[in-house]
Amino acid sequence: MSEENPYQRETDLNTRKDWLADQKPVDVDIDGMVDYGKNMVTIRDNLQSHSGQLNLLTELPASAWEGAVLLEGKYMRSQMMQNYGELRQYITYLGTALTNTGMAAQTIADAYSSTDGWSAASLDAVRFAFGDADAPRPPGLPPFVTGKTFWDQYFENLSGEGQDGAGNEEGEKKFTDTGQPIVNPDGSITHSSVAPDGSVQLMTTQMLPGGGTLVTYVTKDPSGKVISTSSSKTTTVVRDNSTITTTTNYDAHGKPTGGSRQTDTYGGDGSHSQTDEELGADGKPSSRTVDQQNADGTRQVTETDGKGKVTQELHTGQDTQGVSTSDALNSPSKTALEEIKQHDYGI
């Protein structure tokens, strides 16, 4: 005989499902969602702008208990430094959470911007907005919202994408992440990677006020000597129906070395234009590729150099039904090939 559950009442209360029966459809207030998202960003910026005032929490204990002090003093310093590190880590993740919450609100607003703003919304849209990979893409979401999450971009940087473009001279080496990220006092996150020869690469990702990321790569040889330093700043802005992503690469002295810019523009008729530009150290395009895909199915790809001279152009017409099998069998080329096979050329 099985033992009776002494907490059966609590179990029943915690597992009951009757509360699901009175759920009403979620109504979306577009203006409210947009304002909410902006408020989240404002709170994040305010949090980051005042975080420097916390530096005293580590400066004062360090200076108060340095040198020849009692062991209890050293212990207090270590405990306070550890608590300070945990507090900074909490604030870092709080800032990320505020950013992601604001972005999720904006994504929901984008998904229902083409409706009356008060129609019933599926909870799948909320799941998608918060980066749930299993949630279907909302049908009303504009095409320029790619669905790439903060962590998607973070792990792309972690995998080494864009390192060569940032001027990393050690790009040919295979670095393996150690899996031990470090949260720095300024809120940035540093990952360490090791190459087979003992070289170490440090990748530090920092969220910039107002949006964007700054990724810094530092490569050291097996002895610990810094042999290369580079960085890459990426920002994304949305203007009307266009999304513009700009990446600027810098050398060890912070001097721009080049970069790239991608502009995606979506028309109300279903057309899509993508412009990819390679930027020089002066920020001016050294080459440009425009891929224009029209609503009628036609397509035009134009490549130009830094002076605007067209170097290559490709036109694609509308899709056709193609050639039927019977037409292919009776084509002139088919007949000609058969004649060649049957003719005796006397060779």
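A polar contact of 2.6 Å joins the side chains of E277 and R288. The points below concern a predicted model, and they begin with this residue pair.

1. **The E277–R288 pair.** E277 and R288 form a salt bridge, in which the closest N and O atoms are 2.6 Å apart. This pair links distant parts of the chain: E277 belongs to strand β11, whereas R288 belongs to strand β12 (residues 285–293), and the two are eleven residues apart. R288 is partly exposed, since its relative accessibility is 30%.

2. **The setting of E277.** Strand β11, in which E277 is placed, covers residues 272–279. E277 counts as buried because its relative accessibility is 7%, and the cut-off for a buried residue is under 20% relative accessible area. Apart from its neighbours within four places in sequence, E277 is in contact with G259, S260, R261, P285, S287 and R288.

3. **The network.** Salt bridges link R261, E277 and R288 in a network.

4. **The D291–R299 pair.** Another salt bridge brings together the side chains of D291 and R299, at 2.5 Å from N to O. D291 counts as buried because its relative accessibility is 14%; R299, at 36%, counts as partly exposed. The search of the whole structure finds three salt bridges.

5. **The chain as a whole.** Eight helices and 14 strands are assigned in the chain. Of its 347 residues, 27% are buried. The accessible surface amounts to about 22,800 Å², and carbon and sulfur atoms account for 53% of this surface. Where contacts join residues at least 6 apart in sequence, 31% of them are between residues at least 24 apart.

Technical notes
Residues are numbered from 1 along each chain as its sequence is written. This is a predicted model: local features need pLDDT of at least 70, side-chain atom pairs count only at pLDDT 80 or more; totals for chains, interfaces and linings use all residues. Side-chain values use heavy atoms; hydrogens and water are left out. Helices (H or I, at least four residues) and strands (E, at least two) are DSSP runs, numbered from the N terminus. Buried means under 20% relative accessible area, exposed over 50%, partly exposed in between (1.4 Å probe, protein chains only). A polar contact is a pair of N or O atoms within 3.5 Å; within protein, one must be able to donate a hydrogen and the other to accept it, and residues adjacent in sequence count only if both atoms are side-chain atoms. Contact means heavy atoms within 4.5 Å. Accessible areas come from the Shrake-Rupley method with a 1.4 Å probe; for residues, only the protein chains shown count as cover. A salt bridge is a side-chain nitrogen of Lys or Arg within 4 Å of a carboxyl oxygen of Asp or Glu.
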